[in-house]
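Here is a short report for a reader new to this structure. Please look through the sequence and the model before reading on.

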Amino acid sequence: MSQFYLAEHSRPHAPHLQHGEMQPVLLFGEALADVFPDQTILGGAPFNVANHLQAFGHRPVLLTCLGNDALGNEIFRFMTDSGMETLAVQRTVHYPTGRVEVTLVGGDHRFVILPAQAYDYIDPEVAKTTTASLDAHVLYFGTLAQREESSRRALQSLCDKFSGVKFLDINLRNPWYDEAIIYQSLMMADILKLNIDELAVLSKIFDVAGMNQESQLKELATRFSLVRIILTRGSEGAWLCDNEGGMFKTGPPPAITTFVDTVGAGDGFSAVCLLGELRHWPIELTLNRANAFAGAICGCRGAIPDTLHLYEKLKIAWCI
């Protein structure tokens with residue numbers, strides 16, 4: 001049997017969503033599960049962002065690889081039940097579906113991202129075949145799924161031929177990145193999104209640590225010919241630096257009634273940034289809406305709301 005095969009699928013039907021002729025968004029990378037002692041939560045940044053886009057009525061296409069195991073079946077079933085297209089989902093019989101082991105150590109959660117997972121071995125040729133007919137406007141990717149050569153080559157091949165906007169959500173996870181992966185990712189990207197900790201890593205690597213944060217963003221944008229860089233700053237809001245030296249800032253997100261956790265807040269922020277790109281929202285509006293949505297995710301358990309209520313409310317408010 002071939003190591004890689006395509007998941008059996010038909011175009012799923014989601015009565016609550018209307019894709020119409022909307023251009024798809026191609027998302028590359030990990031679909032996995034955070035395995036706690038008492039529960040398993042599906043996730044992975046590309047998977048989370050794809051779910052948000054789907055719930056907002058867009059057309060995400062997730063390019064990933066799942067194992068031929070119960071967890072892979074669960075993720076695939078979740079995608080189809082959500083109405084998400086599965087045409088680019090690969091399955092492998094040789095590697096397990098991605099897992100992150102979560103344990104409680106001294107009152108804090110410890111996350112161990114396991115090596116040699118299915119998403120590390122996305123087949124470049126199969127990826128090229130399954131995405132050849134997609135007229136995607138945006139390609140979303142990160143760094144975690146580039147730690148093995150197979151997936152790294154698949155992404156580089158896609159980027160070489162992709163004519164749309166390439167959005168790098170850098171998502172640095174120790175020890176699964178190196179300077180070469182970061183450099184190549186920045187060279188491929190048009191838009192970079194990162195947080196304060198990740199900016200500190202990049203500033204050290206590219207020798208701009210002595211500058212203030214605004215100058216660091218402007219220098220990185222110039223050095224890597226980035227159209228814009230988006231910096232999330234937690235409770236202090238977010239900044240956006242464009243390739244003309246413009247700097248846009250938004251303050252703290254609106255207050256939420258109940259804070260639960262910050263899991264997936266960055267993925268929610270990225271999803272709304274992609275919405276702004278797809279719908280041609282002004283930069284300031286996109287930044288404010290992304291900030292507000294990230295704050296709202298902090299009021300939910302985990303990265304994905306249990307119901308569509310939040311999305312439906314925002315679709316009305318944002319005229320989506």
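## Ser-203 and its contacts

Leaving aside residues up to four places away in sequence, Ser-203 touches Val-208, Ala-209 and Gln-216. Contact here means heavy atoms within 4.5 Å. Ser-203 sits in helix α6. Helices (H or I, at least four residues) and strands (E, at least two) are DSSP runs, numbered from the N terminus. Ser-203 is buried, at a relative accessible area of 2%. Buried means under 20% relative accessible area, exposed over 50%, and partly exposed in between, with a 1.4 Å probe and protein chains only.

## About the model

This is a predicted model: local features need pLDDT of at least 70, side-chain atom pairs count only at pLDDT 80 or more, and totals for chains, interfaces and linings use all residues. Residues are numbered from 1 along each chain as its sequence is written, and side-chain values use heavy atoms, with hydrogens and water left out.

## Backbone features in loops

Asp-207 has a positive phi of about 60°, although it is not a glycine. Asp-207 lies in the loop between α6 (196–205) and α7 (213–223). Asp-207 is exposed, with a relative accessible area of 68%.

Ala-116 is not a glycine either, yet its phi is positive, at about 50°. The loop between β8 (108–113) and α3 (124–131) holds Ala-116. Ala-116 is partly exposed, at 30% relative accessibility.

Which residues does a cis peptide bond join? They are Asn-174 and Pro-175, and omega is about -5°. Pro-175 belongs to the loop between β10 (165–169) and α5 (179–188).

## The second largest pocket

Rolling a probe the size of a water molecule over the atoms shows where empty space is left. The second largest pocket has about 270 Å³ of space. A pocket is an open set of points on a 1 Å grid over the protein atoms alone, where a 1.4 Å probe fits, with protein on both sides within 12 Å along at least five of seven lines. Grid points are joined across faces, edges and corners, and a volume is the space filled by probe spheres set on the points.

The lining of this pocket has 13 residues. Lining residues have an atom within 4 Å of a point. Thr-131, Leu-134, Leu-158, Lys-161 and Phe-162 lie nearest the centre. α3 and α4 (149–161) each supply at least two lining residues. The largest share, 3 residues, comes from α4.

The lining divides into 6 nonpolar, 4 polar and 3 charged residues. Ala, Val, Leu, Ile, Met, Phe, Trp, Tyr, Cys and Pro count as nonpolar, Asp, Glu, Lys and Arg as charged, and the others, Gly among them, as polar.
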